[in-house]
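Hi,

Here's the structure I said I'd pass along.

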Amino acid sequence: MRLRRHRSVPCAVAAVVNPARSYRGGMAETQREFVPRVDTGELDTALAFLSFARHCVLKKAGGLSDEQLRAVLVESGTSLLGLVQHLAETERYWFGHHLAGGAWDEGQEHGMNVPAHRAAADVLADYRAAIDDSDRAIRAAGDPEARFAVPVEGTRHTLRWVMAHMTSETARHAGHADILREQLDGTTGR
C-alpha cells in the first residue's frame, strides 16, 4: 500500500480562505485550519488525521518563549512543553517500540515533567524527530493489518489499532494545548 505524505492547509492560507470563522460565543479564531480532506484509502486517511493532530500540537507551542512553554496553568501541573515531551515519548513507545520492535527504556521517560536543564527547542525538535521516526515505521508496516512486533499484554495489535489510538491520544492533548495557549496569550482556534 502506497502512503501519501499529508500536508494540511497552512495557517496563513486558512485565514485568507476563511477569515470570518469564529466560535459561537463570538471569539475570533486566530489559528483556524480545516481538517484534512484526504480520503484515498484507510492508511492515507488515518495518517492525514494523525498528522493534523500532531501539527495542531506543534502550532500551539509555536512562537512562545521558554517561560511560556513551561508555564503551569492548571492544577494537574500540565504545561505545553510537558504535553509535547509526553507525545514524543508516546510516539516512540507505540510506533518505535511496539510496532517496529525498537528498544524501549522506561528509565528515559519523563512524562510531562520536563527537566529544567532540557531546552524547550530540544523538546520540540525531539517531537518532530519522533514524528518522522513514527511515519517511517508506519510506511514500513504499510498495511493496516500489520501486527505489532512487540505485543502489549500478549496481544499483537494492528497498525490500524495504533493509528486510532495515537490519533485519539494526540487529539486529546491538542485540546489541552488549545486551552493552555488561550490562557497564555489569547490565541484560539484549531
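Helix 2 spans 42–61 and helix 5 spans 120–141, packing at about 175° with axes 11 Å apart (axes are lines fitted to C-alpha atoms over the stretch in contact, angles run from 0 to 180 degrees between N-to-C directions). That makes the two roughly antiparallel (over 145 degrees).

Caveats: it's a predicted model, with local features needing pLDDT of at least 70 and side-chain atom pairs 80 or more, while totals for chains, interfaces and linings use all residues. Numbering runs from 1 along each chain as its sequence is written, and side-chain values use heavy atoms, leaving out hydrogens and water.

Tyr127 also touches Val84, Leu87 and Thr170, among others.

On to the aromatics: Tyr93, Trp94, Trp104, Phe148 and Trp161 form one cluster (ring centres within 6.5 Å, using the six-membered ring for Trp; planes under 30 degrees apart are stacked, over 60 edge-to-face, the rest tilted). Tyr93 and Trp104 have centres 5.1 Å apart and planes at 65°, so they're edge-to-face. Trp94 and Phe148 sit at 6.2 Å and 45°, so that pair is tilted. Phe148 is buried at 0% relative accessibility (buried is under 20% relative accessible area, exposed over 50%, partly exposed in between; 1.4 Å probe, protein chains only).

Cheers

Methods:
Helix = DSSP H or I, 4+ residues; strand = E, 2+ residues; numbered from the N terminus. Parallel < 35°, antiparallel > 145°, perpendicular 65-115°, else oblique. Contact = heavy atoms within 4.5 Å. Lists of a residue's contacts leave out its neighbours within four places in sequence.
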